[in-house]
Amino acid sequence: MNNTPHPPRLPRLIEVRKNVLKRNDLLARKLRDRFRAASVFVASLVSSPGAGKTAFLEKTLTALRAQCRVAALVGDLATDNDAARLARAEVPVRQITTGTVCHLEAEMVERALDGWNLDELDCLFIENVGNLVCPSSYDLGEEMRLVLMSVTEGEDKPLKYPTIFNTADVAIITKIDLAAAVEFDLKSARRNIQSVRPGMRVFELSAKTGEGMDEWLRLLQSRL
Ligand code: MG
Ligand code: ZN
C-alpha cells in the first residue's frame, strides 16, 4: 500500500482556469481599445437557448441599418442557421461555430473580425452561445452587455443566474406578447432583477409584434 497522499487536483485546475481567464481578459482589453479607436460601439447578447436573441437582433439590425453601419457576429455550438437568419437584415454577418465550447471567448471574436475594417463600422453586435453560466466569465471587449430572458422562462431566472445578471448592463425581457398566456408576473421579474443588480435598466419587448422595441432603440441610439 502506498500511503503517499495524492497531490491535490483542484488547485491545479483552478490555476489553469485562472490563466485562461487572465489571457481572455488581456485580449478583451486589446479588443476594447481597438473598438474605441475605430469608434465602434459594441454590444453583446447573452441568454439561455431559445430566449429570442436572434429574433431580437434581426429586428434591431433592420431598424439601425438605415442610420449607421452595423454588423453582427453570432456564436453557436453548431450550424450557421442564425447567421442566415440575421443576413435577412442585409448587414454583414459572420457565424462563429464553437464546436464543443459553450461560450464565446475574446480570441474567437478577434478571429471572426479578421478582414473587417473596423473604421467602416459604427456598431457591432455579438450574439453569444445560448448559455447563462460561463459567458459571465468571458469579457469580449464589448461596451454593453445585454442579458435576455423570455417570459416563458419564468420570473426567477435572475435569482438562479445572478452572476450573468451582475455582469450585464441591460436586461431585456423578451416575448412579452406571450406574457398573459404564460401568466408571467412582470412585477416579480423586475423585483428579482433589481435584487441581484440594483438600478439595472430593464426593457420589456416583443421582437414579433414590435412592442417595446422603440424604447430599446432610443437607448441604443443615445449610445451611438
Ligand atoms: Mg440565436
Ligand atoms: Zn462555456
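Visitor: Which residue's backbone oxygen lies 2.7 Å from a polar atom of the side chain of S136?
Guide: This is a predicted model, and the distance is computed from it. S136 sits in the loop between strand 4 and strand 5. Its side chain has a polar atom 2.7 Å from a backbone oxygen, and that oxygen belongs to V133.

Visitor: Is S136 buried or exposed?
Guide: Beyond four places in sequence, S136 touches R145, T163, I164 and T167. Its relative accessible area is 14%. Buried means under 20%, so S136 is buried.

Visitor: Which residue forms a salt bridge with R32?
Guide: The structure holds 10 salt bridges. One of them brings a side-chain N of R32 to 2.7 Å from a side-chain O. The partner is D139.

Visitor: How many residues apart in sequence are the parts that R32 and D139 tie together?
Guide: R32 lies in helix 1, residues 10-37. D139 lies in the loop between strand 4 and strand 5. Both residues are buried. The pair therefore ties together parts that are 107 residues apart.

Visitor: What is the distance between the closest N and O atoms of R190 and E204?
Guide: R190 and E204 form a salt bridge. R190 counts as partly exposed, at 35% relative accessibility. E204 is also partly exposed, at 22%. The closest N and O atoms are apart by 2.6 Å.

Visitor: Where in the chain is E204?
Guide: The pair of R190 and E204 links distant parts of the chain, 14 residues apart. R190 belongs to helix 7, residues 186-196. E204 belongs to strand 7, residues 201-204.

Visitor: Which residues are joined into one network by salt bridges that share partners?
Guide: R32 and D139 meet in a salt bridge. Shared partners extend the set to E142 and R145. The network is R32, D139, E142 and R145.

Visitor: Is K160 buried or exposed?
Guide: K160 forms a salt bridge with D156, with 3.6 Å between the closest N and O atoms. D156 counts as partly exposed, at 31% relative accessibility. K160 has 55%. Exposed means over 50%, so K160 is exposed.

Visitor: Which protein atoms are the donors of the zinc ion (ligand 2)?
Guide: The donors lie 2.0 to 2.2 Å from the zinc ion. Along the chain they follow the spacing C-H-x30-C. They are C102 (SG), H103 (ND1) and C134 (SG).

Visitor: Is H103 buried or exposed?
Guide: C102 has 32% relative accessibility and counts as partly exposed. H103 has 8%. The cut-off for buried is under 20%, so H103 is buried.

Visitor: Which element gives the largest share of the largest nonpolar core?
Guide: The core has 30 residues. F56, L61, F125, M144, L146, I172 and W216 have the most contacts inside it. Elements supplying at least two residues each include strand 1, helix 2 and helix 8. The largest share, 5 residues, comes from helix 8.

Visitor: Which residues is W216 in contact with, leaving aside neighbours within four places in sequence?
Guide: W216 is among the residues with the most contacts inside the largest core. Several of its partners, including F56 and F125, are on that list too. The set is F56, T60, F125, M144, L146, I172, F203 and L205.

Visitor: Which residue in strand 4 is the bridge partner of A72?
Guide: V42 stands opposite L124 in strand 4. A72 has another bridge partner in that strand. The partner of A72 is F125.

Visitor: Which side chain does the side chain of Q95 join in a polar contact of 3.4 Å?
Guide: Q95 is in strand 3, residues 93-97. Its side chain reaches the backbone oxygen of V74 at 3.1 Å. Q95 also touches G75, T79 and D80, among others. The side chain at 3.4 Å is that of D76.

Notes. Residues are numbered from 1 along each chain as its sequence is written. Chains are lettered from A and ligands numbered from 1 in the order in which they are written. This is a predicted model: local features need pLDDT of at least 70, side-chain atom pairs count only at pLDDT 80 or more; totals for chains, interfaces and linings use all residues. Side-chain values use heavy atoms; hydrogens and water are left out. A salt bridge is a side-chain nitrogen of Lys or Arg within 4 Å of a carboxyl oxygen of Asp or Glu. Helices (H or I, at least four residues) and strands (E, at least two) are DSSP runs, numbered from the N terminus. Buried means under 20% relative accessible area, exposed over 50%, partly exposed in between (1.4 Å probe, protein chains only). Donors are N, O and S atoms within 2.8 Å of the metal (3.2 Å for Na, K and Ca); water is not among the atoms, so sites may look incomplete. A nonpolar core is a set of buried Ala, Val, Leu, Ile, Met, Phe, Trp, Tyr and Cys residues joined through side-chain atoms within 4.5 Å. Contact means heavy atoms within 4.5 Å. Two strands pair if DSSP finds at least two bridges between them. A polar contact is a pair of N or O atoms within 3.5 Å; within protein, one must be able to donate a hydrogen and the other to accept it, and residues adjacent in sequence count only if both atoms are side-chain atoms.
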